[in-house]
Amino acid sequence: MSGSRNPFLLFLRFAIILIIVAVLLLPFLWILVNSFRPTMDIVGGPEIIPSAVTLANYTGLLESTPYWTWVRNSTIVAIMTIVLTVPIAVAASYGLNRCHFPGRNQLGVAVLAVYAFPTAILVIPMFALFNRFGLLDTYLGLALVNTLLATPFAIWMLQAFMKSVPSEIEEASAMDGSGRVRTLVRIVVPQIMPGIFSVAVFAMVVAWTEYLFASVLMQSDTNRVLAVGMADLIGQYRIDWGRLLAGSVMTAAPVILFFSITARWFLRGVSAGSLD
Amino acid sequence: MAAIDLVDLQKRFGNVTVVDGVSLQIQEGEFIVLVGPSGCGKTTTLRMIAGLERPSDGEIQINGVVVNDLPPQRRDLAMVFQNYALYSHYTVAKNLAYPLKSQRISKPEIQSKVSEVAELLGLSHVLKRRPGQLSGGQRQRVALGRAIVREPRAFLMDEPLSNLDASLRVEMRKEIIELSRRLKATVVYVTHDQVEAMTMADRVVVMNHGRVQQVGPPSEVFEKPRNTFVAGFIGTPKMNFFSAQIDLSPETGVRLGQEFVPILSDLAVSQDQSVTIGIRPEAFALSESGLPVDVTLTENLGSETLVYAGLAGQQCWFQVPTRAAPRRGDSVYLSVQPEDIHVFESDENGNRICPK
């Protein structure tokens, strides 16, 4: 640990870190704890250590909603989004980093400028477009929109990883008889695996949590995704807080679980040593 | 293996000229060393041969075919990089197999070639390791192995030994020479280390400021340096340079301050012409009479001692056997044979006048 060894300053630093962590985590803790409390208790006021514990919110949720259908739909859309976003982002950031062409820097900036537009203004043109191409109420349609939303930032995320790949190993690959594409796939991609993993996580989270387009484009009940389904728990006159909180936990849980398992596998074997 | 011809090769980055008209004919199976101080254009020249840089002007021919427009992967050359540039995500075996996989070669054949090369370079026991788990010398061998496994038309090596420690460097130097002889390989080797250049090369190409200063076998470059740059760059300890004037009577020689030193007479010079003379430190001998010098410093190198002294108001250094070495503060006389005196023009090019 660098920095001061003064015990008071050390304590102060830990205290500050603890407060920040607490502020960040408390809402999640509150959701988790209250999802196990009877609805009447929740409305009664906050408790960190619940006086009564129940699984009723979860069983109720699973009985009254097609939760597993929503999860399946969201998973399909998320996987399609990852599959579309990652190759596009990898190819684009490689091009922006390694290929020399006029307007390269401007293009790099323009990619991020996409976010300057409120996505809501895209809803109506998208609806019209998807209607024409028969993409309304399809997994592919929603995945395309999610890809559109995720890719610019994904490209930007990958730039830093791309820059860290030494140009010598690409040159070595060329000398070893490989063209650009083979070099990208066989040499560069494995080197930026942590970046690709981050991008995959990001694309998945975008797809998993996107609400606006999902609610407009996915009209049939059978194709409804998790975010839209959960939002429907909020009725016009009445909110079942218990089920909503249980639903929140069950929305976040698959993502957290999936990535905590795959992270290790993804990051394995990526180590230094190509250069001296 | 291939012959490589460079014809008036130029490389400019913006308005900086890095390689300025390099012409060179590299014979098939020849070990060529490009040597020069950093920034002399040797690495850029190598990278142009490789196809990693595009020449601004001039031609590169491999076996008589102009390859200026061929990308590196289609030139069939192999390169060893200074920092090895190994693929860290692959094992040693996969690193060695990589160049073969882009060719249409069957798996068993790839395997047998990889194990053959691994055997040759003593890598058989580390085939399953990744580059990160290897020592510097082993990484160097993997880089070499990756180059030779494909049997390319020529090898390009960019300071491949500069990241190794001294003893390993001597060892690998020997291995590279033996390897190149065994494979009868055309090798273009870049280094800033003149010892590597002298020990490894069939012909040395001395470069400075993007230009070829001299091309020749190591002995020729050492014995007949074409100008003061080459004379000063090749040879350790460095050659002495003195400003002197030609004196043709009573015999051909130079005046070095008050002293007269005879030189060989077959040269086109005129009386009182200003010249630069170069004398290698080992060409001086202690004697009873001759050039008087005052010893200012001695460095014991083991069997030899390097002595720094003042000669006619100019600094000089000479190398003598340690047993006979003078001490600091001594005044001694030095003699030098006329044929050991290199005479250069005194202008900035410092071209060689004598002996021819």
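**A cavity, a patch and a sheet**

Hi everyone, let's start inside chain B: the residues lining the largest cavity are B:L144, B:I148, B:F155, B:M157, B:I176, B:L179, B:S180, B:L183, B:A185 and B:V187. Three elements of chain B each give two or more residues to that lining, namely helix 4 (136-148), strand 7 (154-158) and helix 5 (166-183). Helix 5 of chain B gives the most, with four residues. Please keep in mind that what we have on screen is a predicted model.

What is the volume of this largest cavity? About 50 Å³. A search of the whole structure turns up one cavity of 30 Å³ or more.

Now over to chain A, and out to the surface. Here A:F8, A:L9, A:F11, A:L12, A:F14, A:I16, A:I17, A:I20, A:V21, A:L24, A:L25 and A:F28 make up a nonpolar patch. Together these residues have about 1200 Å² of accessible area. One of them, A:L25, is in helix 1 of chain A, which covers residues 7-34.

Last stop, back in chain B: a sheet. Strands of a sheet pair through backbone hydrogen bonds, either parallel or antiparallel. Which order do the four strands of the open sheet in chain B take? They run 2-1-4-5, with antiparallel pairing. At the edges sit strand 2 (16-26) and strand 5 (65-66) of chain B, each pairing on one side only. Strand 1 of chain B, residues 4-13, pairs with strand 2 over eight bridges.

Technical notes:
Residues numbered from 1 in each chain as written. Chains lettered and ligands numbered in written order. Predicted model: local features only at pLDDT ≥ 70, side-chain atom pairs only at ≥ 80, totals over all residues. Heavy atoms only, no water. 1 Å grid on protein atoms, 1.4 Å probe; cavity = no way out; pocket = protein on both sides within 12 Å on 5 of 7 lines; lining within 4 Å. Points joined across faces, edges and corners; volume = space filled by probe spheres on them. Patch = residues over 30% accessible without salt bridge, like charges linked within 9 Å, V, L, I, M, F, W, Y side chains within 5 Å. Areas by Shrake-Rupley, 256 points an atom, 1.4 Å probe, with all protein chains shown as cover. Salt bridge = Lys/Arg side-chain N within 4 Å of Asp/Glu carboxyl O. Pairing = 2+ DSSP bridges.
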